[in-house]
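Okay, let me put this one up on the screen.

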Amino acid sequence: MADSNSNRQDPASDAGDASAGIEAAAPGKTAPSAERPPVVAFRNVTKSFGDPPHAKVAIQGVTFTVEDLPDKGELVAIVGPSGCGKSTLLRTIAGLKPHFPPTTGEAFVLGKPIEEPGPDRGLVDQKYSLLPHLNVIENISFGLKLRGMAKSERHDQAEAWVRKVGLEGSEKKYPGELSGGMQQRVAIAATLVLHPRVLLMDEPFGALDPGIRLRMQELLVQLWSEQQATVFLVTHSVEEAVYLGDRVFLMASNPGRLIEILRVDRPTGSPEQSRRQPWFLEFSQQLLNKLEEVSGAPAALQV
Ligand SMILES: Nc1ncnc2c1ncn2[C@@H]1O[C@H](COP(=O)(O)OP(=O)(O)OP(=O)(O)O)[C@@H](O)[C@H]1O
Ligand SMILES: [Mg+2]
């Protein structure tokens, strides 16, 4: 079982400035190697919106590496105050305009410079992104249809995902007939059915009530361990970050930047059990303090 001593910060993470605190800032460390390139690597990525002198710097000098861990995957939780560039970071990885391309710096996925959205990356955002005129099965299988998969095969795969996310009986329902939690499960299934190597989740559980949110967290852990994808998860909940994250990226604003990377052990129990364990409470409190420091305002253990 994890204890507080085994939850450690990255050795470099105490350094105070925007780039030195980041483990990947060492020269050459982010260079994608031909053999096993990192899943995602940013080198000094800056994104500004608008033109000087009124340009708004959304993120500045962001550098990190997420290695390709064989048969494991990694979940990176991203926390930071509103406006610090969390969505910008995620959407840059997704290759989505206007956040992509960066103004300066380089961003890689699987060793190749990101050029546009691709099937290796899937984004689940807060708005669920379901197609209102398609039912549950059709929504889940829509991406497979775009890939040219035959109808019976994509129907079978969508059926399997309906079961995995616990939506049996709702196959023929339309998004407007589903609760927020059900819609979110459809959105997650519609993304995971495509087996993205990198799963990008932007506050995916933000609109859910606390009970459903805990169940969704468990579901995500279960599905993710089956898929071994690399996950980036933006959250405003410290407990969610500690429960789900292998590493927590702490961001600050004005300008948006990555100031610290914290490593955290993977809890073994349910969210309810885990968050009562001493190491979990201690780690969450530490993160909360850091978040309050960068936010200049009270932060939330739970949202
Ligand atoms: N399309 C855009 N045009 C202009 N400015 C933008 C755009 N998207 C984001 N920004 C600005 O970039 C900064 C970072 O925005 P971003 O949405 O990435 O923050 P965030 O950390 O995701 O915030 P939140 O927690 O509120 O979702 C903000 O100041 C925002 O106003
Ligand atoms: Mg955002």
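So, the shell around ligand 1: by class, that's 4 nonpolar, 7 polar and 2 charged residues. For the classes, Ala, Val, Leu, Ile, Met, Phe, Trp, Tyr, Cys and Pro count as nonpolar, Asp, Glu, Lys and Arg as charged, and the others, Gly among them, as polar. Bear in mind that this is a predicted model, where local features need pLDDT of at least 70, side-chain atom pairs count only at pLDDT 80 or more, and totals for chains, interfaces and linings use all residues. Residues are numbered from 1 along each chain as its sequence is written, with chains lettered from A and ligands numbered from 1 in the order in which they are written.

Which residues come nearest to ligand 1? F49, A58, S82, S87 and T88, out of 13 around it (C-beta, placed from the backbone, within 6 Å). The largest share, 3 residues, comes from α1.

Next, the hairpin. Strands β1 (residues 40–49) and β2 run antiparallel, joined by 7 bridges; pairing takes at least two DSSP bridges. K47 sits opposite I59 in β2, and G50 has a positive phi near 85°.

Last, α5. Its buried residues are R213, L214, M216, Q217 and L220. They're on the same side of α5, because they cover an arc of only 160° around the axis, taken from the directions from the helix axis to the C-beta atoms. On the other side, G211, Q222 and E226 are exposed. Buried means 20 or more other C-beta atoms within 10 Å of a residue's own, exposed 12 or fewer, partly exposed in between, with C-beta atoms placed from the backbone.

Terms used
Helices (H or I, at least four residues) and strands (E, at least two) are DSSP runs, numbered from the N terminus.
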